[in-house]
Amino acid sequence: MNQINHDKRKKIMLALILATIIVIITFVYNNYIKDPEPLAKNGFYFNTVIAIQLNDTIDEALIDDCFALADTYEHYFSRTLEDSDIYRINHAGGSPVEVHDETAELIRAGIKYGELSNGVFDITIGALTDLWDIPNNTGVIPDQEAIKKAIDTVDYTQIVLDGNTVTLKDPNAKLDLGGIAKGFAADEMKKYLNAHGAREGFINLGGNVLTLGEKSDGSSYRIGIRKPFSEEGETITAVEVKDQSIVTSGRYERYFEKDGHIYHHILDPFTGYPYDNDLNGVTILSDSSMEGDALSTICFALGMEKGMEFIQSMPNVNAVFIDTDNFYFCS
């Protein structure tokens, strides 16, 4: 009888221990594995606020490492930081300059998009960018002679790229990688996060939004597209994406107004003036943020009709065009 009671007590104790273990495992799973609190941080690079949110990890070092990547790329691609690759190229007077692997890769991509767009997208537009200086311009329109002089230096075919050595045939030419640099950085951050196990969240580089995978419940991310010139940040529509990039280019991002006319930062390399067409903005949905960067600029430059024709020729890419009356059209 005593033996039976002893065995019974042992079974009860084992059951209690097992139940306790199950409770502990369930608590850990629910609070640290299944649904960890989103991890979010902001930084300031490329003259914009960078926001990263990770929904499936508590490893804050991953975001810090992404910010370190952004800092590195800014010191490679900036036109104004004196130790950057691009600054050294632009001030070399046509002499060859050895650059980092990533800079050579980005310049190579810039040349490719120049060819794809027949020069509408041109990374040698730096002299024209400097002349207008849209972010700091309070209303000064450059004179025609200065514009013509700057236009004469714009020609991506005059870039010589031999391995990691870059030479500008025109000593007065200047590179400006601003049209694809943020997209490149976003893509590299995503690669890093994926390689270290982060599969859910997003990266936002001041308009370049790159989503990681899908939400834990299998649903898409819903990303709003800003209504042009809305001071309250009102959205005009929204798109749903999984593991994709959303990039917008528009006349309402950086501009000044004079005599009722808007002068924005998307410059025409052939006329030297900001594009004046039937569009307020273009948003590109694609797998690559760098590609989205370039294509949003190209499509904006082409205008509604030609831009829609162009994007329809691109595989796995969709677009939202917003005209000057703020009606939107999807392609």
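1. Start with strands β6 and β7. In this predicted model, β6 covers residues 201–205 and β7 covers residues 208–212. The two run antiparallel, and five bridges join them. Within this pairing, I203 stands opposite L210 in β7.

2. Now the sheet around them. β6 and β7 belong to an open sheet of eight strands. The order is β1-β2-β6-β7-β10-β13-β14-β15, and the pairing is antiparallel. Which strands stand at the edges? They are β1 (39–45) and β15 (328–330). Each has a single partner strand, so one side of each is left without a neighbour in the sheet. From one strand to the next, the twist averages 15°.

3. Helices on the sheet. α2 packs on the sheet and touches β1 and β2 (48–54). The direction of α2 makes about 15° with that of β1. α7 lies across β2, β6 and β7. Relative to β7, α7 runs at about 15°.

4. Next, helix α4, residues 101–116. Just after α4, N118 takes a positive phi of about 55°.

5. The surroundings of α4. Its buried residues are T103, A104, L106, I107, A109, G110, I111, Y113 and G114. What do they pack against? Their helix partners are α2 (61–77), α3 (85–90), α7 (181–195) and α8 (289–312). They also pack against the strands β4 (159–162) and β5 (165–168).

Terms used: Residues are numbered from 1 along each chain as its sequence is written. This is a predicted model: local features need pLDDT of at least 70, side-chain atom pairs count only at pLDDT 80 or more; totals for chains, interfaces and linings use all residues. Side-chain values use heavy atoms; hydrogens and water are left out. Helices (H or I, at least four residues) and strands (E, at least two) are DSSP runs, numbered from the N terminus. The expected span of a helix is 1.5 Å times one less than its number of residues. Buried means under 20% relative accessible area, exposed over 50%, partly exposed in between (1.4 Å probe, protein chains only). Contact means heavy atoms within 4.5 Å. Two strands pair if DSSP finds at least two bridges between them. Axes are lines fitted to C-alpha atoms, for helices over the stretch in contact, and angles run from 0 to 180 degrees between N-to-C directions.
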